[in-house]
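Colleague: I am new to reading protein models. Could you walk me through this one, one feature at a time?

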Number of protein chains: 2
Amino acid sequence: MNILIGLEKFLPCLQLNKSMALKGAVFKGTVLKGIILNTIITQQERNDFYKVLYGRRDVRSEFLPDSVADEVLERILQAAHHAPSVGFSQPWNFILLRDQQIKQSIHRLHQEANAEAAEMFADKRQQDYRQIKLAGILDAPINICITCDRERGGSVVLGKTHQPEMDIYSTVCAVQNLQLAARAENIGVGWVSIMDKQKLKSLLKIPERIEVVAYLCIGHVSQFYDEPELQVKGWKDRTDLAGLVSTDQWDPKN
Amino acid sequence: MNILIGLEKFLPCLQLNKSMALKGAVFKGTVLKGIILNTIITQQERNDFYKVLYGRRDVRSEFLPDSVADEVLERILQAAHHAPSVGFSQPWNFILLRDQQIKQSIHRLHQEANAEAAEMFADKRQQDYRQIKLAGILDAPINICITCDRERGGSVVLGKTHQPEMDIYSTVCAVQNLQLAARAENIGVGWVSIMDKQKLKSLLKIPERIEVVAYLCIGHVSQFYDEPELQVKGWKDRTDLAGLVSTDQWDPKN
């Protein structure tokens, strides 16, 4: 089975694979500039997918001032918008931050919180903490605030009846799609969580019912780390997966 | 810059791209069975990544009984384990559910919640709701419960000081990595949220401090839908992205 989905509007870069197009694709548009999505992912496509997934890093210090092309930004946002969402409610909004004065105010919110955070660590750990740059708010040309509308879809949403937090989780899925798509576009993303969300909300005039889920710094980078920066800098090692997996019930060793 | 990361243990399927290996890769192992991660993602690799991302669907009715190979399952779990996590805390655990009796009990939890959920919709909407199958718990050969340990990493975790929910969000990122990697492996995933989490926790002997984030059904499928099932079945349409994006502050129209 082959599928053509109408991505031509937002994925102009994608080229048609002719051999796939001939295998019975359903043409939904008159002009074919999109991509044929064959339901079978091949070994090569899988490798390429994993290269993006394993090459993704959280970026704080490597942002370049170069602007991000509009079409690249749109593809990244479309990838976020195609995340799974509870009851197909698509509860997210994206606030793009480019104004240098607003970014300055947000940078100050981060600095304020980061000073408080540093004090919570003891001795050597505090010294280490102070040496790690944790946000590129001013360096990255674009910041994006991603929010979740807790009322999107009305009072009863399919799939949210017993787990009301599912709208927030859907929004986090959109954030992760965005982070991976950015890596596929060779664009760096840094998630800034050291910040008072209430103060951010009032700065950006975000209404009470709307939840801020993520604040991201976005831009071209000088390089991506081989491994997570916190691992490279000796803050924490990667856990062995085997110890995190159990079968048929919770592992009492954990 | 080229990178070799030691994926040979868990990604035995990945083949070495020789032309990339010659471009100055850093060899970290003696036997090279892994993958070269060149930091530049090419146009072709990006297309392949997007094919996976846009081809992902939430699966409920198309599961086949065929078992999922261990190495495929391990790659999917490793992809989840390589999600970003706050302070590199990796707060997740994975409980694999294969026992038919346990799955039966969980299926009953879903049925119970689903009957309550149906009653919340009015008239025609309730009829439609009752006609959509919303979980493949018994059909899928494996189910996975993904949890978040709220105490992983101790009482002060870098990045969690001002947003304690970041550990939950990290776990959702792992869920989304898992969903995408499964699609890359031609494996279907269905996220079941119509269920009482407290009852699920006691069934699986999950301690109080551990939060259940996602319950997933996993298996081979007869097909993937072209578009989200809820869209195909007329439950809800995709929103236009343009209306969800604003600049420098919240859009008062939303």
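Colleague: Which strands does helix α3 of chain A lie across?

Modeller: First, some ground rules. This is a predicted model, where local features need pLDDT of at least 70 and side-chain atom pairs count only at pLDDT 80 or more, while totals for chains, interfaces and linings use all residues. Residues are numbered from 1 along each chain as its sequence is written, chains are lettered from A and ligands numbered from 1 in the order in which they are written, and side-chain values use heavy atoms, with hydrogens and water left out.

Modeller: Helices (H or I, at least four residues) and strands (E, at least two) are DSSP runs, numbered from the N terminus. Helix α3 (residues 70–81) of chain A lies across β3 (92–97) and β4 of chain A together with β7 of chain B. Its direction is about 155° to β3(A); such angles run from 0 to 180 degrees between N-to-C directions, with axes fitted to C-alpha atoms, for helices over the stretch in contact (heavy atoms within 4.5 Å).

Colleague: What is the order of the strands in the open sheet that includes β7(B)?

Modeller: Two strands pair if DSSP finds at least two bridges between them. Here the order is β5(A)-β6(A)-β4(A)-β3(A)-β7(B), with mixed pairing. At the edges, β5 (188–191) of chain A and β7 (245–247) of chain B each pair on one side only. From one strand to the next, the twist averages 25°.

Colleague: How many bridges join β4 and β6 of chain A?

Modeller: Eight bridges, in the antiparallel sense, link β4 (residues 142–149) to β6 (residues 210–219) of chain A. Within that pair, I146(A) is opposite A214(A).

Colleague: At what angle do α2 of chain A and α6 of chain B pack?

Modeller: Helix α2 (residues 43–55) of chain A meets helix α6 (residues 166–184) of chain B at about 160°, and their axes are 9 Å apart. Angles over 145 degrees count as roughly antiparallel (under 35 is roughly parallel, 65 to 115 roughly perpendicular, the rest oblique), so α2(A) is roughly antiparallel to α6(B). R46(A), F49(A), Y50(A) and L53(A) touch N177(B), L180(B), A181(B) and A184(B).

Colleague: How much area do chain B and chain A bury between them?

Modeller: Buried area is the accessible area (1.4 Å probe) that two parts lose on being put together, summed over both. For these chains the value is about 11200 Å², 62% of it on carbon and sulfur atoms. The contact takes 124 residues from chain B and 125 residues from chain A.
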